[in-house]
Amino acid sequence: MRIHAKMKMADLVQFNFEILAVIQRLQIPFGFKDKSIETVCRESNINVDFFLQLAQWFNERENFPQQQLIDHPPHWLVTYLHNTHQCYINYQIPRIEKEIEQLESMTEIPDQTAALMIRFFKEYIKEFSEHLDDEEQVTFPYVLDLEKAINGEMTSEQFRNKYSEYSIDKYLDHHSDLEEKIFDMQSILLKYMSPPSDNCHFTNLLLEFYRLGKDLKDHTILEENVLIPKVRQMEAELKQRPSFF
């Protein structure tokens, strides 16, 4: 199905509930009534084409609109990625921690197995938090300031002085595949952990890992195939300006 601006937003969500993630991360309020996608986006100050391209990708995974997303100003993607981070920190990770605590309290689980999983998860959370913090404190401000420099809202000299030791390639050097470690934890649970007789918590934990891993994969695709190429393009454009040197 081709998603278009005149469709009703409520109909789009009913057709594919995965698109709720796009709506939430662009901070579009609910209560759509019979409003079109175009109207809802306009009322929320969201670029409708940016929304449509993300929604279409969520609906047809085989068609990733890489160039269309690259063509948008980067602050749209930064906003989306930032709000995704908040979802991880405030919702998804705490849910996983709660399920692990429930499993830890069950006497049927061997202490050694539970301890191994808890240690693995705590190490992962530390790495995950450091990764998100680096993006929030360094990478995203860099991208937004680069956009300002391109648009003339910051001088080239100001930008160069502020980020003389940084480029998007330095970010890429430290860009880890966090989703792979989520699937490693899934494997540990499936292969080595005997679930308790009432295994609802065990099943829920596996599902939470699956959801986070799937979401992180999407997150990485957007960062590596849209954000990084876009920023490289902008870096090259700024360096070509006489005022940069």
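**Entry 1: Glutamate 235**

I began with glutamate 235, which is found in helix 11, residues 200-239. Helices here are DSSP runs of H or I with at least four residues, strands are runs of E with at least two, and both are numbered from the N terminus. I am working on a predicted model, where local features need pLDDT of at least 70, side-chain atom pairs count only at pLDDT 80 or more, and totals for chains, interfaces and linings use all residues. Residues are numbered from 1 along each chain as its sequence is written, and side-chain values use heavy atoms, with hydrogens and water left out.

Is glutamate 235 buried or exposed? Glutamate 235 is buried, yet has no salt bridge. Buried means under 20% relative accessible area, exposed means over 50%, and partly exposed lies in between (1.4 Å probe, protein chains only). A salt bridge needs a side-chain nitrogen of Lys or Arg within 4 Å of a carboxyl oxygen of Asp or Glu. The nearest side chain of opposite charge is lysine 239, 5.6 Å away. For charge, Lys and Arg count as positive, Asp and Glu as negative, and His and the chain ends are not counted.

I then looked up what glutamate 235 touches, leaving out residues up to four places away in sequence. I found Tyr142, Leu146, Ser167 and Ile168. Contact means heavy atoms within 4.5 Å.

**Entry 2: The whole chain**

I found 11 helices and 0 strands in the chain. The C-alpha trace spans about 70 × 50 × 30 Å along its principal axes. Of the 245 residues, 48% count as buried. Among contacts between residues at least 6 apart in sequence, 78% join residues at least 24 apart.

**Entry 3: Two domains**

The chain is divided into domain 1 (9-64) and domain 2 (68-240). These bounds come from an automatic or database domain assignment. Their contact takes 18 residues from domain 1 and 18 residues from domain 2. The domain centres, taken over C-alpha atoms, are 22 Å apart.

Between them the domains bury about 1,600 Å², with 64% of it on carbon and sulfur atoms. Buried area is the accessible area (1.4 Å probe) that two parts lose on being put together, summed over both. Which three residues supply more than any others of the area that domain 1 buries against domain 2? I noted Arg25, Phe50 and Phe64, which supply 45% of that area.

I counted 3 salt bridges between domain 1 and domain 2. On the side of domain 1 that touches domain 2, helix 2 (20-25) and helix 4 (48-59) each supply at least two residues. Helix 4 gives the most, with 6 residues.

**Entry 4: Salt bridges**

A search of the whole structure gave me 14 salt bridges. Arginine 25 forms one with aspartate 215, the closest N and O atoms being 3.0 Å apart. Arginine 25 is buried at 4% relative accessible area. Aspartate 215 also counts as buried, at 14%.

Next I checked arginine 95 and glutamate 208, whose side chains meet at 2.6 Å, N to O. Arginine 95 is in helix 6 (residues 74-104) and glutamate 208 in helix 11, 113 residues apart. Arginine 95 is partly exposed at 35%, while glutamate 208 counts as buried at 6%.

Lysine 148 and aspartate 145 also meet in a salt bridge, at 3.9 Å. They are separated by about one helical turn, because they are 3 residues apart in helix 7 (residues 111-151).

Last, I noted a network of salt bridges linking Glu18, Arg61, Lys214 and Asp218.
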